[in-house]
Amino acid sequence: MKLTIMIPTGVIYDKQIKKVTVETNNGRYTLLPNHIDFITLVVPGIIDLEQENNSHVFIAADEGVLVKQKDNVWVSLRNAVKGGELGSLQTTVDEHYRTISEKEQKNRTSIARLERDMAQSIYEFEKAK
């Protein structure tokens, strides 16, 4: 079965797999190629992908939605981090979110400056009246 995992910035996984195990709002499910078609919500957790060569890929997933239709599975997530070994995934996730946090902090600082400058401009405009 073919699995495609997408986040807003692009596709992070797009390959043939033997099975996928995912956390949903109704519990943990393992999907095999002959599983019935369905749609479910994905909750934050670890997605376990068993590839054709019997190796596993682990993905730390945020919330999203999973659609299974025939031999295709699509997972759309708010955010996800792909890792190799389960043991090293926590480090990968920590680094990923630290980078996001640094970017968010820079964005918040820029927005605060814009708000301050805008408020100052409004004050000076009102004062000049």
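Glu 50 is buried, with a relative accessible area of 13%, where buried denotes under 20% relative accessible area, exposed over 50% and partly exposed the range in between (1.4 Å probe, protein chains only). This residue lies in strand β5, and, when residues up to four places away in sequence are not counted, Glu 50 touches Ile 17, Lys 18, Lys 19, Ser 55 and His 56, a contact being defined by heavy atoms within 4.5 Å. The model is a predicted one, in which local features need pLDDT of at least 70 and side-chain atom pairs count only at pLDDT 80 or more, whereas totals for chains, interfaces and linings use all residues. Residues are numbered from 1 along each chain as its sequence is written, and side-chain values use heavy atoms, with hydrogens and water left out.

The chain contains one helix and nine strands, and from the N terminus on its elements follow the order β-β-β-β-β-β-β-β-β-α; helices (H or I, at least four residues) and strands (E, at least two) are DSSP runs, numbered from the N terminus. Of the 129 residues in the chain, 29% are buried. Among contacts in the chain with a separation of 6 or more, 45% are accounted for by residues 24 or more positions apart. The chain exposes about 8500 Å², of which carbon and sulfur atoms supply 53%, the accessible areas coming from the Shrake-Rupley method with a 1.4 Å probe and, for residues, with only the protein chains shown counting as cover.

Strands β1 and β2 run antiparallel and are joined by six bridges, with a hairpin connecting β1 to β2 through two residues and with Ile 5 standing opposite Tyr 13 in β2. A hairpin with two residues between the strands is also formed by β2 and β3, which pair in the antiparallel sense over five bridges, β3 comprising residues 27-31; here Thr 24 stands opposite Gly 27 in β3.

Strand β8 is joined to β1 by five bridges, the two strands running parallel, and Ile 5 stands opposite Val 75 in β8. Six bridges join β8 to strand β7 (residues 64-69), these two running antiparallel, with Lys 68 opposite Val 73 in β8. In the hairpin of β7 and β8, which has two residues between the strands, Lys 70 takes a positive phi near 55 degrees. In a regular strand the side chains alternate between the two faces of the sheet.

With residues up to four places away in sequence not counted, Ile 47 touches Val 20, Thr 21, Val 22, Val 57, Phe 58, Ile 59, Ala 61, Val 75 and Leu 77.

A search of the whole structure finds six salt bridges, each being a side-chain nitrogen of Lys or Arg within 4 Å of a carboxyl oxygen of Asp or Glu. In one of them Asp 14 pairs with Lys 2, the closest N and O atoms being 3.3 Å apart; this pair links distant parts of the chain, with Asp 14 in strand β2 and Lys 2 in strand β1, 12 residues apart. Asp 14 is partly exposed at 40% relative accessibility, and Lys 2 is likewise partly exposed, at 30%. The side chains of Glu 63 and Arg 78 also meet in a salt bridge (2.7 Å, N to O), which links the loop between β6 and β7, where Glu 63 is found, to the loop between β8 and β9 (80-83), where Arg 78 is found, 15 residues apart. Glu 63 is partly exposed, with a relative accessible area of 36%, whereas Arg 78 counts as exposed at 56%.

Notes
Two strands pair if DSSP finds at least two bridges between them.
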